[in-house]
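Welcome, and thanks for taking a look with me.

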Amino acid sequence: MSKKEKESQTTAPEQEPQEEVKQETPTEETAGQEETPKKEEAPKKEEAAAPDPVESLKKDLAAKEDQLLRLAAEYDNFRRRSVREKSEAYVKAKADAAEKFLPVYDNLERALNQGTEDQAFLKGVEMTMNQLVKVLESLDIHKIDALGKPFDPNFHDAVMHTEDESVGENVVTQVFQTGFIMGDRVIRHAMVQVAN
């Protein structure tokens, strides 16, 4: 062997133990690596403190159930309100339509109160009036009976007062225009004269 080869062989074994020694002795780099496992322990503690996924799912489920119950209640209220509004709209439309026919009733009533000698004409007007009254009654619309009754501002509209001691105070003595009522709803107030 040559001299160089011998030197390289002798130096190589010496370098290997030095490398091994370097690996065994802690350096700044390895000291930093030892602290890293401590940092890894901290996230494990945080993970343990994290909320349980089952509990969070239960809370979400309870929130969704509450939301669905509220939605069902809102729908039920909407359905009831729709039915009530539909019913009220029907009653109002019926009352409005009947109110348009009341002038016809008034004219027929005036025609009946006028004296005539033509019996055929009188009978025709009476038949028309009876038919109109039947139609109104079939719609649950009735005349307000006012004559001789105590004055009630909910049903009567006083247009005149009279001094009449033969009847009591606030009693209707004359009806100028017949009033009509449908159920609890007044379609038209009766125009009356009231005694003082």
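1. Please keep in mind as you read that the model is a predicted one.

2. Now step back to the strands around that pair. Strand S4 covers residues 180–182, and three bridges join S4 to S1, the two running antiparallel. In general, strands of a sheet pair through backbone hydrogen bonds, and the pairing can be parallel or antiparallel.

3. What is the order of the strands in the open sheet? Reading across, you will find S1-S4-S5, three strands with antiparallel pairing. Strand S1 (141–143) and strand S5 (185–188) are the edge strands, each pairing on one side only. From one strand to the next, the twist averages 35 degrees.

4. Next, look for what packs on this sheet. Helix H3, made of residues 53–113, does so, and touches S1, S4 and S5. The direction of H3 makes about 35 degrees with that of S5.

5. One more residue deserves a visit: Gln 177, which lies in strand S3 (residues 172–177). Is Gln 177 buried or exposed? Its relative accessibility is 18%, and buried means under 20%, so Gln 177 counts as buried.

6. Which residues is Gln 177 in contact with, leaving aside neighbours within four places in sequence? They are Asp 106, Arg 188, Ala 190 and Met 191. With Asp 106 there is also a polar contact: the side chains of Gln 177 and Asp 106 are joined at 3.1 Å.

How values were computed. Residues numbered from 1 in each chain as written. Predicted model: local features only at pLDDT ≥ 70, side-chain atom pairs only at ≥ 80, totals over all residues. Heavy atoms only, no water. Pairing = 2+ DSSP bridges. Helix = DSSP H or I, 4+ residues; strand = E, 2+ residues; numbered from the N terminus. Axes fitted to C-alpha atoms, helices over the stretch in contact; angles between N-to-C directions. Contact = heavy atoms within 4.5 Å. Buried < 20%, exposed > 50% of the residue type's maximum accessible area, 1.4 Å probe, protein only. Polar contact = N/O pair within 3.5 Å; in protein donor to acceptor, adjacent residues only side chain to side chain.
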